[in-house]
Amino acid sequence: MSSSAASANPPGMRADAARNRARIVEAAKAMFAEQGLDVPMTEIAERAGVGVGTLYRRFARREDLIAATFEADMTRYAVIAEEALAEADPWHGLSSLLMRMCEWQAEDRGFSDILITSIPTLEKVERQRDRIYAAVGTLIERAHASGRIRPDVTAEDVALLLISNAGLIAATHDVAPDAWRRMAALYISSLRAANTEEAPPPPGNAAMYEVMRRRRIRVTGQAAPSSRSAASGSA
């Protein structure tokens with residue numbers, strides 16, 4: 001990911017404090033990408049070359065550091081997702097976007113976590129993720145209308161793809177880093193209308209949100225508020 005405007009130092013900050021903040025964000029960006037959002041804060045501080053106290057003075061909560069690292073990049077990804085809506089062929093737009101989202105997960109495990117984790121306190125990040133899911137939902141509707149995908153495909157199927165892809169990436173990244181490409185291609189291809197074999201029903205939006213809520217507890221150590229859509233833009 002490129003450096004984001006969200007990680008810019010606040011105005012009026014002392015030069016030494018600004019340098020420390022920038023080093024922390026840079027270290028967090030690298031470590032989130034490599035290991036995911038639950039990397040220990042002590043390890044981020046060590047990589048940044050600052051004390052843990054300094055890290056917490058700049059970022060009192062893990063969520064604050066996640067926001068500084070991802071807000072602008074999430075906006076960029078949302079714009080890319082919405083550009084897929086311009087595709088004349090909704091199947092091509094949908095399948096290309098899903099493959100690209102899987103690729104983003106492989107490139108940055110922190111971003112992968114954000115896609116499948118509910119962290120309502122990160123309002124700006126959540127808003128951009130909702131834009132991504134909304135674009136996917138619109139493409140699913142258009143593909144249904146054109147008869148290009150199975151009639152039983154839902155937004156929950158996309159969430160399951162991303163959760164599965166995240167697990168595969170975590171298990172294979174250091175041995176077979178491109179293994180996800182085959183499974184993503186097979187999964188996405190299975191959504192085509194030509195595949196008519198009956199499938200079990202999806203778990204439902206409430207169940208998918210509960211999965212994302214539990215992931216938030218793992219990432220932040222805090223419970224999430226109840227009653228929110230897992231993919232509110234496409235539910």
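I started with serine 164 and found it in helix α8, residues 155-172. (Helices are DSSP runs of H or I with at least four residues, numbered from the N terminus.) My numbering starts from 1 along each chain as its sequence is written. I'm working with a predicted model, where local features need pLDDT of at least 70, side-chain atom pairs count only at pLDDT 80 or more, and totals for chains, interfaces and linings use all residues.

Then I turned to pockets. (A pocket is an open set of points on a 1 Å grid over the protein atoms alone, where a 1.4 Å probe fits, with protein on both sides within 12 Å along at least five of seven lines; lining residues have an atom within 4 Å of a point.) The largest pocket holds about 210 Å³ of space. I noted 13 lining residues there, with Arg150, Asp152, Asp157, Leu191 and Ala199 closest to the centre.

The second largest pocket has a volume of about 160 Å³. Of its 14 lining residues, Arg109, Asp113, Ala166, Ala170 and Arg215 are closest to the centre. Back to α8: which helix gives the largest share of this lining? It's α8, with five residues. I also saw that α6 (109-115), α8 and α10 (205-220) each supply at least two.

Technical notes
Side-chain values use heavy atoms; hydrogens and water are left out. Grid points are joined across faces, edges and corners, and a volume is the space filled by probe spheres set on the points.
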